[in-house]
Amino acid sequence: MDSSPDYRARAAAGARAQQRWYSRRTGLWKTAGWWNAACALTALIRYTACTGDRSHAGAIGHTFARAGRRHEGFINKFYDDNGWWALAWVAAYDLTGSGRYLDAARAIFARNLTGWDGTCGGGTWWNTDRKYKNAVTNELFLTLAAALHQRAPGDGEYLRWALRSWEWLEGSGMIGPSGLVNDGLNAECRNNGGVTWTYNQGVILGGLAALHEITGDAACLRQGEIIADAVLRELATPAGTLAEPTEPAEPTESAGARRLDGDQTQFKGIFIRYLHEFAGRSERAPHYREFIRVNAEAVWDRARNRRDQFGARWGGPFDRADASRQSSALEVLTAAADLYGEKS
């Protein structure tokens with residue numbers, strides 16, 4: 001008798017629970033911030049694509065029609081927020097083939113391009129205030145540029161920007177000696193030693209995987225493996241569950257997870273999303289897939305309540321539920337369903 005978990009059923013339960021926060025009126029998710037909503041949408045699209053379950057696919061077009069009323073074109077002053085929405089629409093294009101989604105992503109890229117200048121030798125600013133250049137905004141810029149080149153290969157401008165942004169990121173100093181990516185640059189254009197959040201380790205894997213696919217440059221895979229291996233080594237608990245650096249190593253109560261704010265509860269799912277994509281190209285794939293499996297098991301067994309809602313701390317105990325926590329956990333359940341679930 002096969003006693004292996006039904007990963008697809010678990011992902012389906014997670015998706016259903018996420019959609020209980022969905023507002024038809026706004027096209028967004030209650031309890032989720034603006035950029036978190038883009039991640040919730042991406043998680044839902046990835047669930048649909050990986051499992052073939054189209055139960056929630058109607059939310060894609062509905063969000064496109066409704067949520068854009070809050071910020072026209074899904075653009076605000078934060079270049080990183082814009083990047084999350086652009087990548088959501090790239091995923092929507094891949095799933096549906098509708099050109100309107102790709103057009104939206106291209107328009108967002110054009111907007112984010114205005115954030116690039118020569119300060120610190122290049123790179124995009126975090127927002128239009130132009131006071132901080134950070135890792136995630138530039139990782140999103142890289143990943144989006146590479147993704148747009150792959151979907152509009154006749155436009156060499158996207159590839160030029162992808163290569164230029166990776167050259168700048170690699171030389172920026174934000175990748176620390178351990179292999180982990182710090183948060184950003186200080187006023188002297190040096191690594192600020194900021195927290196090595198998990199999502200800063202994830203988005204860059206998406207860009208490096210795409211660059212390798214485009215150019216065949218094995219150095220991109222090697223750099224991605226350095227970062228991914230550093231996460232498995234330094235940002236995981238002894239039990240193997242992914243943890244933000246600010247999570248207590250051995251919490252005695254669920255209050256420990258409240259150290260993560262409404263942004264930080266999103267981060268781990270983003271890392272898993274891109275580790276899942278990267279693993280398909282790396283010789284280290286067995287290690288990364290096992291890491292995903294361990295985390296999917298932990299989320300289901302130790303971080304879930306009776307309504308199939310998931311907490312911030314994947315190794316448990318459950319703290320509380322919201323759309324940010326849920327969409328983050330859905331990413332690891334979807335990845336496990338794709339890697340270990342039965343294919344229909």
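Is Cys 39 buried or exposed in this model? At 2% relative accessibility, Cys 39 counts as buried, where buried means under 20% relative accessible area, exposed over 50%, and partly exposed in between, with a 1.4 Å probe and protein chains only.

Before I go on, please keep in mind that this is a predicted model, in which local features need pLDDT of at least 70 and side-chain atom pairs count only at pLDDT 80 or more, while totals for chains, interfaces and linings use all residues. Residues are numbered from 1 along each chain as its sequence is written, and side-chain values use heavy atoms, with hydrogens and water left out.

Staying with Cys 39, the closest cysteine sulfur is that of Cys 50, and because the two are 16 Å apart, they are too far for a bond. Cys 50 is also buried, with a relative accessible area of 18%.

A search of the whole structure does find one disulfide, the term being used for a pair of cysteine sulfur atoms within 2.5 Å. Cys 120 and Cys 189 form that disulfide, with their sulfur atoms 2.0 Å apart, and since the torsion about their S-S bond is about -75°, the disulfide is left-handed. Cys 120 lies in the loop between helix H5 (99–113) and H6, and Cys 189 in the loop between helix H7 (156–171) and helix H8 (198–215), so the pair ties together parts that are 69 residues apart in sequence. Helices here are DSSP runs of H or I with at least four residues, numbered from the N terminus. As for accessibility, Cys 120 is partly exposed at 25%, and Cys 189 is partly exposed at 30%.

How values were computed:
Helices (H or I, at least four residues) and strands (E, at least two) are DSSP runs, numbered from the N terminus.
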